[in-house]
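Morning, everyone. Please have the structure open on your screens. I will go through it piece by piece.

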Amino acid sequence: MNTFKLLALPVLALFFLSSCSSVRVLSDYDQKADFNGYKSYAFYKTGIDKAQISDLDKKRILRAIETEMASRGFVKSESPDLLVSIFTKEQERVDVYNNNFGWGGWGGFGGWGWGWGGLGWGPGLGWGWGGGPAVSTSTEGSLYIDLIDTKSKELVWQGKGEGTLANTKNIRKKEERIQQFVAQILEQYPPDALVSK
């Protein structure tokens, strides 16, 4: 008889990356946009209000964006060149590992497994003797940061960060992880194409 062992990671808030998880960052942009002409920004409240995360985490993300934009020479303005919006997605991930060996059991060696989001582990996931498959679940989330040209009302740049999510009760760590997540996304701005111009 095959046995299944589950690892469920509860998620209390969206962007708390586990310490060993990698973040995958992608970006896209409008090649016709004049990125050198953008000097100021404001947050697009309508878009941000739709993001499905807690208000406290929204504030953390927006503060992180403010820090990153300031480091690039941008200023907040009532008549901005760019509007900044965010949205989020979350999905459950299930991994099944077929193993012919095992350490098994609570508190054992178990829990190691390579997946799309990096190396993950946790108590309670063991391999079990007898070659049964092991199943683990986790939550992956995505944060999108959109930059919209205020004159044309068109999206000119979008950055996306994806990663495996985990729970933390440490507020300082939560702030740091959100800051790192946002920083990695905005490392892609301005587009590389500007460097070669």
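Start with a definition: the expected span of a helix is 1.5 Å times one less than its number of residues. Now try helix H2, residues 55-71. Its 17 residues should span 24 Å at 1.5 Å a residue, and its end C-alpha atoms are 24 Å apart, which agrees.

Before going on, a caution. This is a predicted model, in which local features need pLDDT of at least 70, side-chain atom pairs count only at pLDDT 80 or more, and totals for chains, interfaces and linings use all residues. Residues are numbered from 1 along each chain as its sequence is written, and side-chain values use heavy atoms, with hydrogens and water left out.

Now the overall layout. The protein chain has three helices and eight strands. From the N terminus, the order is β-β-α-α-β-β-β-β-β-β-α.

How much of the chain is buried? Buried means under 20% relative accessible area, exposed means over 50%, and partly exposed is in between, with a 1.4 Å probe and protein chains only. Of the 197 residues, 47% are buried. The chain exposes about 11,300 Å², and carbon and sulfur atoms supply 53% of that. Those areas come from the Shrake-Rupley method with a 1.4 Å probe; for residues, only the protein chains shown count as cover.

Next, contacts, meaning heavy atoms within 4.5 Å. Take the contacts with a separation of 6 or more. Residues 24 or more positions apart account for 79% of them.

Back to H2. Its buried residues include Ile61, Leu62, Ile65 and Met69. After H2 comes Gly73, with a positive phi near 85°.

A nonpolar core is a set of buried Ala, Val, Leu, Ile, Met, Phe, Trp, Tyr and Cys residues joined through side-chain atoms within 4.5 Å. The largest one holds 28 residues, and Ile65, Ile86, Ile145 and Val182 touch the most other members. Strand E2 (40-43), H2, strand E4 (82-97), E7, E8 and H3 each supply at least two residues of this core. Leaving aside neighbours within four places in sequence, Ile65 contacts Phe43, Val84, Ile86, Ile145, Val182 and Leu186. As a general point, nonpolar side chains tend to be buried together in soluble globular proteins.

On to charges. A salt bridge is a side-chain nitrogen of Lys or Arg within 4 Å of a carboxyl oxygen of Asp or Glu. There are nine in the structure. One of them joins Arg63 and Glu175, with the closest N and O atoms 3.4 Å apart. Arg63 lies in helix H2 and Glu175 in helix H3, so this pair ties together parts 112 residues apart in sequence. Asp57, Arg60, Arg63 and Glu175 are linked in a salt-bridge network.

Compare Glu176 and Arg172, whose closest N and O atoms are 2.8 Å apart. They are four residues apart in helix H3, about one helical turn. Arg172 is exposed, at 53% relative accessibility. Then there is Lys160 with Glu162, at 2.7 Å. Lys160 is buried at 19%, and Glu162 is buried at 14%.

Now the rings. Rings of Phe, Tyr and Trp (its six-membered ring) pair if their centres lie within 6.5 Å; planes under 30 degrees apart are stacked, over 60 edge-to-face, and the rest tilted. The structure holds eight aromatic pairs. Tyr29 and Phe35 are edge-to-face, 5.9 Å centre to centre with 80° between the planes. Phe74 and Tyr189 are tilted, at 6.0 Å and 55°. Phe74 is in the loop between H2 and strand E3 (75-76), and Tyr189 is in the segment after H3, so the pair ties together parts 115 residues apart in sequence. Phe74 is buried at 8%, and Tyr189 is buried at 5%.

Most residues other than glycine have a negative phi, and most peptide bonds are trans. The bond from Tyr189 to Pro190 is cis, with omega near 0°. Lys153 is not a glycine, yet its phi is positive, about 60°. Where is Lys153 found? Look in the loop between strand E7 (134-149) and strand E8 (154-165). Lys153 is exposed, at 65%.
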